[in-house]
Amino acid sequence: MLFPSTLLVISAAFQWGLAGGLASLLMSRGWSPEVISFWRVLVGLGCMAIWLAVIRIQGQRFSFNRRLVFWSLVAGLGVAGNFTFYFISISEGSVAVAVTLMYSAPVFVYLVSFIAGVERPTPVKLVTIALVMGGIVLLTGIYRTEADAITTLGIVSGLLAGVSYALFIFGFKYAGKYGPAPSVLVIAFVTGTLVLLPLIDRGQAMTVTISADVAWFILLGLLGAGLSFYCYIVGLRHTLPTTASIVAMVEPVTAALFGLLLLSEALNLSQMAGMALILGAVTSLSILQSRPSLSGAP
């Protein structure tokens, strides 16, 4: 069960990588990070509502309970925070810096998992985290970024995006124990929509429906909060929080390949080395996690 679940998480990360490229495109056309985040969540909510209606028509019964609602609300706060802080960080600096800051999430996930007793630290997990973080540094080239290339707001926002990412990992993980995925995601996206509503430029948000970019917004929502979240939450049910967080780091690799294959962007040796580190660490982690005696998993 573990390996197919890991593949689902990887699929979700791949779609998020594509969605990130679309978000960057929309920001370059003048759309604000908050409005882009709002529409990403709103389209995702529509997708999950359709999914919920379909399984209800098929006769599946489900009910809302306090624990389901609570953890889904937590997940929704994490989703809204991750989307918004990440886009703000990009707008205040660069994609390379923002991505690296956001993907500090495994550190937060690891610490919370350790404190909560969900997992225990092992050399394998520590080395894997180090390799993946090192790979991201090489892939994004953050070590070449100028000191003034990102503002204080950008740095803080990037770190908060990572914290929010960790928050929604835990929210989805525990909400899935008390109800079906569609219920969890509908509550989470409703929460995210309501949280973002007071923060957006409502005039700009309304013009999306009549703009030439409406198709890009819909595609962004489908990839960034529709099918991808279905893959992620189903995969997360049989994946430890730390494992899911690390595996999801294929997102920056997807972005790099997108640029290479579709935008004719060349990869230098350090970027190739970063890709090799990330893919190698992800593959090794999947294999070792399927063998508890080797990985040291409890």
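A salt bridge is a side-chain nitrogen of Lys or Arg within 4 Å of a carboxyl oxygen of Asp or Glu. By this rule, the count here comes to one salt bridge. Aspartate 213 forms a salt bridge with arginine 29, with the closest N and O atoms 2.4 Å apart. Aspartate 213 sits in the loop between α9 (202–207) and α10 (214–236), arginine 29 in the loop between α1 (2–28) and α2, and the two are 184 residues apart.

Before I go on, a word on the source. This is a predicted model, in which local features need pLDDT of at least 70 and side-chain atom pairs count only at pLDDT 80 or more, while totals for chains, interfaces and linings use all residues. Residues are numbered from 1 along each chain as its sequence is written, and side-chain values use heavy atoms, with hydrogens and water left out.

Now burial. Buried means under 20% relative accessible area, exposed over 50%, and partly exposed in between (1.4 Å probe, protein chains only). Aspartate 213 is buried at 8%, whereas arginine 29 is partly exposed at 46%. Of the 298 residues of the chain, 52% count as buried.

Next, the helices. Helices (H or I, at least four residues) and strands (E, at least two) are DSSP runs, numbered from the N terminus. The chain has 14 helices and zero strands. What span should the 25 residues of helix α2 have? The expected span is 1.5 Å times one less than the number of residues, so α2 (residues 33–57) should span 36 Å; its end C-alpha atoms are 37 Å apart, which agrees. Just after α2, glycine 59 takes a positive phi of about 100°.

Last, the aromatic rings. Rings of Phe, Tyr and Trp (its six-membered ring) pair if their centres lie within 6.5 Å; planes under 30 degrees apart count as stacked, over 60 as edge-to-face and the rest as tilted. The structure holds nine aromatic pairs. In one of them, phenylalanine 38 and tryptophan 39 have ring centres 6.5 Å apart and planes at 90°, so this pair is edge-to-face. Phenylalanine 38 is buried at 9% relative accessibility, and tryptophan 39 is buried at 14%. The rings of tryptophan 71 and tyrosine 174 have centres 5.1 Å apart and planes at 35°, so that pair is tilted. Tryptophan 71 lies in helix α3 (residues 66–92) and tyrosine 174 in helix α7 (residues 152–175), so the pair ties together parts 103 residues apart in sequence. Finally, Trp31, Phe38, Trp39 and Phe217 form one aromatic cluster.
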